[in-house]
Amino acid sequence: MTAMYRYPVKSMLGEPLVSVAVNRMGLSGDRTHAVLDETGAIGSAKHPRKWGSLLGCRSRVAEDDIVEVDLPDGTAFTAGDPDLDARLSKLLGRQVRVSASAPDHSRLERAVPEYEGGVPDAVRASASVDGTGEKITVGKVASGTFFDFGRVHLVTTSSLTTLRSAHPASDFDPRRFRPNLLVDTGELPAFAEDSWQGGRLRVGEALFRVQVPTPRCVVPTLRHGELKADPGIMRAIAREHRVPVYDLGRLACFGVYLDVLEPGAVRLGDAVAREDDS
C-alpha cells in the first residue's frame, strides 16, 4: 500500500492517512458528511457548475471524530457550526448546510460529458438541462450513505504509469481520482485490476471483495487544490480504457470499487494480496 486517503465531506478534498480502521461501511470517517441544499440535492462535484467550488475546501477528521473543514481562504470550522453553513452558502451562491445524514428524498446530479463512454447511452438519452445550463442526469446515493456506489475505491500504480506514458501532456496525479487505496502493482500490466472482479483482496487486516471497474466522471478533470484543471484527463481514459460495466455498456473506467468482507486495520506499507475463495 503506497498511499491511503479519506474524504470526510463528500466532494471536498480529503486527507492522507498512515493507518485507518476499516469497518463494514468502508474506511472509518470516509464520506460521513455532505453538503446539502434546500432542494435535497447532495453536493457533488460531478455537477461542477453547481458544486465544483467544494473542491477548493478540505475536510479532515480531528480528535473525538469531529469533522473539520478548511475553506479556500484558510479559515477552519467544525461540521455542524452554523458559521460554516453560512460561509459555504456564500461560496456556492445559495443556501446549503453540512449534514451527517442522507435524507430519503436526496438527489445526486451528474453532468453529462461529451466524450463517448462517459455515461451509458440510455442515461445520456434521458438527460435534461438544468438552471445552470448544464446537461445533467439525476440519481441517488447508496441507501443511507453518501457513497455513489462502492464503499472503497482502489487505484493501481501500473494503470497510472501507462496513462502517463500514453498521454504525457496530462497530469495523472492519483489524487485527481480520489482513491481510498493506491496500490503499488510493480510490473503488472495496466488495468490488471479489471481481472480481479469477484475476487477477494487482503489489505492488512481487512478483506475486500472486488466489485466492478469504477466508471469515471468529470471530477478528475477539475481543479483539486494545487492541481490545475486538466480537461484532457477523461478523454484520454475514454480512448485507453472503455470496458463493460454490468449491463450499462462500455464505459470509461479507472480503478475498481471494493466492498468490505472483513473489517480490520490497514496501514501504509501493508501488503496487498489476492485470496482464493476456497
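**Asp148 and Lys46.** I looked up the contact of Asp148 and recorded a salt bridge (a side-chain nitrogen of Lys or Arg within 4 Å of a carboxyl oxygen of Asp or Glu) with Lys46, in which the closest N and O atoms are 2.5 Å apart. The pair joins distant parts of the chain, 102 residues apart: Asp148 sits in the loop between strand S12 (135–139) and strand S13 (152–156), and Lys46 in the loop between strand S5 (34–37) and helix H1 (48–51). I take helices (H or I, at least four residues) and strands (E, at least two) as DSSP runs numbered from the N terminus. Both Asp148 and Lys46 are buried, where buried means under 20% relative accessible area, exposed over 50%, and partly exposed in between (1.4 Å probe, protein chains only).

**Basis.** I note that the model is predicted, that local features need pLDDT of at least 70, that side-chain atom pairs count only at pLDDT 80 or more, and that totals for chains, interfaces and linings use all residues. Residues are numbered from 1 along each chain as its sequence is written, and side-chain values use heavy atoms, with hydrogens and water left out.

**Arg49 and Glu134.** I found a salt bridge between Arg49 and Glu134, with the closest N and O atoms 3.4 Å apart. Arg49 belongs to helix H1 and Glu134 to the loop between strand S11 (128–129) and S12, so the pair ties together parts 85 residues apart in sequence. Arg49 counts as exposed because its relative accessibility is 52%; Glu134, at 15%, counts as buried.

**Whole structure.** My search of the whole structure returned 20 salt bridges. I also recorded a network of salt bridges that links Asp37, Lys50, Arg94, Arg107 and Glu109.
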